[in-house]
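Trainee: Could you walk me through this one? I'd like to start with a side chain.

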Amino acid sequence: MESFRKVIKGWLGKVLLVLFLTPLALVGIEGYFSGGNKDTAQTVNGTDISKKELESLTKTFKQQYLAYANGDETLLNQAFIENKAKDTLVARTVLLQQAENLGISLSNQQIEQMIAQQPSFQQNGQFSNALYENYLKSVGMTSRQLISGLRDDHALKMLSSTFMEYPLVSQQDIQQIADLQTEQRHIHIASVNLENYKKNVKVSDAEVAAYYEKHKAVFQQPTSVDVDYVVLSATDVNAEAVTATDAELQEAYQNFVTAQKSAVKPEVKHILITTDNRSEAEAQKLAADVAAKLQADTSFAQAAAQYSEDPESKNKGGAIAIYEAGVFGDAFDKTVASLKSGAVSAPVKTDYGYHLIAIEAPEVKVPSFESQKARLTEEVIAAKKSNAFSDMVNSLNDMVVSADSLDVVAQEVKAVQVKSAKGVTLSTRDPLLSDAKIKVKLFNDDVKNGDRNVSSSIQLANGDVAWVKVRNYHAAGEQPFATAKPRVQAKLIEEKALALAQADIQKTLNELKTKPAASVAKGNLVFEDAGIYTRAEGLLKRDVQRAAFSVKAPKAGFWSVTTASLPNELVVVAVSEVKKNPITVLSEEQRSELVKLYSQLRGQQEFDDYTRYLKSQAKIK
C-alpha cells in the first residue's frame, strides 16, 4: 500500500529516528583514552571515569548538538549535555564490566592477528610495521592503547549484538503493528466556531485572579531582557576618495606571485636506508656512500631503484606519492622545507632509518602584472576601505566602553541611531537580536548577575559591527499576575466558550452513540466528508487525527464520535467505517521492512533495559 511507504515519516519511523539519532556512543574507541590525567569525575564499581574522558565526550556531544542548532550555542542546554555524556560513560563502564564478568574478551594475540590482517596495514600482502606506526602517530595512540580499545570495542559489540540482533519478536507483534499501519478509517468532521460563544461569556476580575492562582504553573515566562543597541555598517561611514598607488599595486602583485608559487607543492623524493638488517653505523655509512654516488654521476632514480628500502617509492624514482608533514618526523620535514629544487640533502636520520631527500618544484607560470592590475586595484581599494572602517570601529569602541554609552556612536556617525527592544528572549526572531553572537552578550551569567555595562564591539557575519547594552534582565519563572492577566482572561473565556459549545452539541453526540447516523438530527453541526485515512499519512491536524484513531470501530450504519479542541474551534470528529486490512496487502518487501524496523526497536529497548538494570545494581559515586 502507498500509505505504508510513509511509515518512516509516521509514528514508528519517528520513534526510530529519535532512537538512532540519540548519541549512544557506547561502542567505539576514539576519544576515550585519558592519558596520564586521572582526576576522577565518577567512580563505577571502583572503576574511575576521568574528567578528561568526560570533557572529551561532552565536547563531542556539544559539537553534534551545535550542528542541529546551526552553531547557536545559546540554544544548548549545557547541563543536559554534560549529564548525557556522564550517563553514557557510566553505561559504557557497567557494560564493559559485565562483559568481563561473562568472559567476553579477545586475547592480545587475537587482536594482533586482526590488526595484521587489515589491508591498510599491508604492503605486497604482508603486514607493514611502518604503516602501522604511521597510523598510530596519526591518531595519537600507542599500540597498547589501540589493542585495549579494540578489546573494549569488541566486547561491547558482542554484548550489544546479543540484544540487537536477536530481539524477542513474535508474529503476533508484527501482526498488531501491521493492523495499526494498514487500518483505514472513514472520517467526517464538523467545526464549531467559538467566536459566537465568546460574545456571551463574561468573566470577573475575581474569576481571573482565582484562575491565575490555581494555574500559576501554566503561566510561565522565559528569560528575557530589555536591550539598547546600535549597528554600524561600512556604508554609514563617509569614506574619502580612496586610490591605489603604484607601490601598493606592485606590493600586491608580489604577494600574488608568492601565493601562486606557494600553492604548487613540490614533488618529494627520498632514498631510505633502514637499520632492519644492518647496524646503525652500517646504515649511516651506506647512506653516505649513496650520497657520494649521487654527487658523482648516478641519477636519483637509479640510486633509489638500487638502494632504497621503501617498496612504495623505490621503483618510482624515489617519489613519495602523497607527502604529508609529520609522517617521517620533524627532521625530514625541516629538510624538505630548506631544500632548493633539484638539490639532494645529506643523509637525514629519522625513526625509519637514513633518508637522502630531493625535491622537484614544478615551474609556475604566473600571469603578468598588467593582466592582474584591474583586479589588484579593486582589492587594494577594498582593503584600504576595510582598514579605515576597522580603525573607526576600534576608535569608537574605546569611546563606547570608556563612556559606557551607546550614544557615542550616534554622535560620531550621524547616519546611525540607538534602538531599543523589550522582552527579547532566546527564541526572538529578529535579523539582529537573534544572531548567535548578539545573544551570547545578552544571555550570560554576567548579565544574570547584574552586569549592565555596554558590550565591546561585536563583529557580525555580514561585516557590520554592533554594540548592545542590557537595561533590564527578567529571569524565567511564573509571570506576575499583572503581566499574565490578559492571557489568563483569554484562556478563561476560551474554556467557558468551549463548555457552552460542548453543551449545545451534547444531545447530538449522545444520540449518535445510540442511533444510526442517518436518523440523527444533527442540528447546527454540518459534517464534511474528510475522506479515508491511515495512521501513517499524517494529513490531518494532529489533535484531529489523534481523536479519529482513538474511538472504537462503529457498528454498520453508526458513527463513533468524539471531539477535539483547537484554538477558537471545537471540532467534532466522527468515524463511519473502519476497514481492517490483512497483512497480505503489504508486499513481501514491505513486510520484511516492517519486521526489520520493529526488530531494531525491540532490540534497542531490550538493550537499554539491560543497561539500566546494570546501572541500578552498580555502586556509582
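Trainee: Is Tyr253 buried or exposed?

Mentor: Tyr253 counts as buried, at 11% relative accessibility, where buried means under 20% relative accessible area, exposed over 50% and partly exposed in between, with a 1.4 Å probe and protein chains only. Bear in mind that this is a predicted model, in which local features need pLDDT of at least 70 and side-chain atom pairs count only at pLDDT 80 or more, whereas totals for chains, interfaces and linings use all residues. Residues are numbered from 1 along each chain as its sequence is written, and side-chain values use heavy atoms, leaving out hydrogens and water.

Trainee: Which ring does Tyr253 form an aromatic pair with?

Mentor: Tyr253 pairs with Phe256, at 6.2 Å centre to centre and with 40 degrees between the planes, which is a tilted pair. Rings of Phe, Tyr and Trp (its six-membered ring) pair if their centres lie within 6.5 Å, and planes under 30 degrees apart count as stacked, over 60 as edge-to-face and the rest as tilted.

Trainee: And what lies over the face of Phe256?

Mentor: Arg375 does, at 5.0 Å from the ring centre; the rule asks for NZ of Lys or CZ of Arg within 6 Å of the ring centre and within 35 degrees of the ring normal. Phe256 itself is buried, with a relative accessible area of 16%.

Trainee: Where else does a charged end sit over a ring?

Mentor: The charged end of Lys555 sits over the ring of Phe558, 4.7 Å from its centre.

Trainee: Changing topic, which residues form one aromatic cluster?

Mentor: Phe121, Phe127, Tyr132 and Tyr135 form one.
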